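Please read them with the structure open.

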Amino acid sequence: MANSIPPSRRAQIEVSDVRGRVQKRPSVMRAEIKLPLQRIRYVSGLDILCIAAEAGLKGLRTHRDIKIEESQSLPEEIVVEDFVDEDDVQHIVSSNADDLETDIEMAADALNELRKAFCVAAYHHWERAVIEWWYNSNLTKNPPRGFNDIKAYAEQLGIPVDEDLGKVVALTNLIKHNNKDKWSKLRDVWPEIVPRERPGNAADWSGTVELTDNDLLDVFRAVQRSGPHRSGPLEDLPFSP
């Protein structure tokens, strides 16, 4: 097949390929020069997410615990009042035990949903950061799109992407797209957070995901390890399960 290409055309292709490689290296070098400042921005941004997650989860847990205390303080015998008003209409006034139970369940669901939201935010922090590094040195070309291309560019800069970031990508894709295909991919790579076989509601595939604070910390750490950082041990994140 190569012999069918005229010699003049073959020479043009070879020159173009060499020129592309020569131009590519300076762009990577320019991005690498700026990485120390980008490291500060990257670490600071991730720290802010950790602090916000801890504050939000603490607030929800406080609300849940108050409702649990109120529920536990109710009398063991739940009194239900049943009366007929002057218009001969029957009324049933039940205990607020059911309302408190609903509040407690909703708080538990909100804790799980908040963890999911911060997982997505953490992954997007990495994704946007790498694309920003690309734009710092490549103003005339299209940026990398999709996890594999973005990962490849990060590694060109000498920033190895943590293997656990693949699990974060699968989780993020399920939360964003909420379909069976993304659910199956997440269950393949991170089955521990998808304990149920199928969703109770066929339209809520992401609703099967159950995250703990430790799972969220694992996500934050994967994002931390996938960014620019100093040599040696990584700094502790401001998030404590």
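The points below go from the overall fold to single residues.

1. Basis. This is a predicted model: local features need pLDDT of at least 70, side-chain atom pairs count only at pLDDT 80 or more, and totals for chains, interfaces and linings use all residues. Residues are numbered from 1 along each chain as its sequence is written, and side-chain values use heavy atoms, with hydrogens and water left out.

2. Fold. The protein has seven helices and two strands. Helices (H or I, at least four residues) and strands (E, at least two) are DSSP runs, numbered from the N terminus. The order from the N terminus is α-α-β-β-α-α-α-α-α.

3. Surface and contacts. The accessible surface of the protein is about 15,000 Å², and 52% of this belongs to carbon and sulfur atoms. Areas come from the Shrake-Rupley method with a 1.4 Å probe; for residues, only the protein chains shown count as cover. Of the 241 residues, 33% are buried. Buried means under 20% relative accessible area, exposed over 50%, and partly exposed in between (1.4 Å probe, protein chains only). Take the contacts between residues at least 6 apart in sequence: 62% join residues at least 24 apart. Contact means heavy atoms within 4.5 Å.

4. Core. The largest nonpolar core has 46 residues, and Trp 126, Leu 186 and Phe 220 touch the most other members. Such a core is a set of buried Ala, Val, Leu, Ile, Met, Phe, Trp, Tyr and Cys residues joined through side-chain atoms within 4.5 Å. Helix 2 (35-72), helix 3, helix 4 (147-156), helix 5 (165-177), helix 6 (180-189) and helix 7 each give two or more residues to this core. Helix 3 gives the largest share, eleven residues. Beyond four places in sequence, the contacts of Leu 186 include Lys 167, Leu 171, Pro 191 and Val 209.

5. Helix 3 against helix 7. Which helix packs with helix 3 (residues 97-137) at an angle of about 5°? Helix 7 (residues 213-225) does, with the two axes 9 Å apart. Helix 3 is therefore roughly parallel to helix 7. Axes are lines fitted to C-alpha atoms, for helices over the stretch in contact, and angles run from 0 to 180 degrees between N-to-C directions. Under 35 degrees counts as roughly parallel, over 145 as roughly antiparallel, 65 to 115 as roughly perpendicular and the rest as oblique. Among the residues that meet are Arg 115, Phe 118 and Trp 126 in helix 3 and Asp 213, Phe 220 and Val 223 in helix 7.

6. Val 223. This residue of helix 7 is buried, at 0% relative accessibility. Its C-alpha atom is 8.1 Å from that of Leu 46, 177 residues away along the chain. Beyond four places in sequence, Val 223 contacts residues including Tyr 42, Leu 46, Trp 126 and Leu 165.

7. Leu 49. Leu 49 lies in helix 2. Is Leu 49 buried or exposed? Leu 49 counts as buried, because its relative accessibility is 16%. Leu 49 and Cys 119 are 70 residues apart in sequence, with 9.6 Å between their C-alpha atoms.

8. Ser 226. Ser 226 sits in the segment after helix 7 and is buried, with a relative accessible area of 0%. Beyond four places in sequence, its contacts include Tyr 42, Trp 126, Pro 160 and Asp 162.
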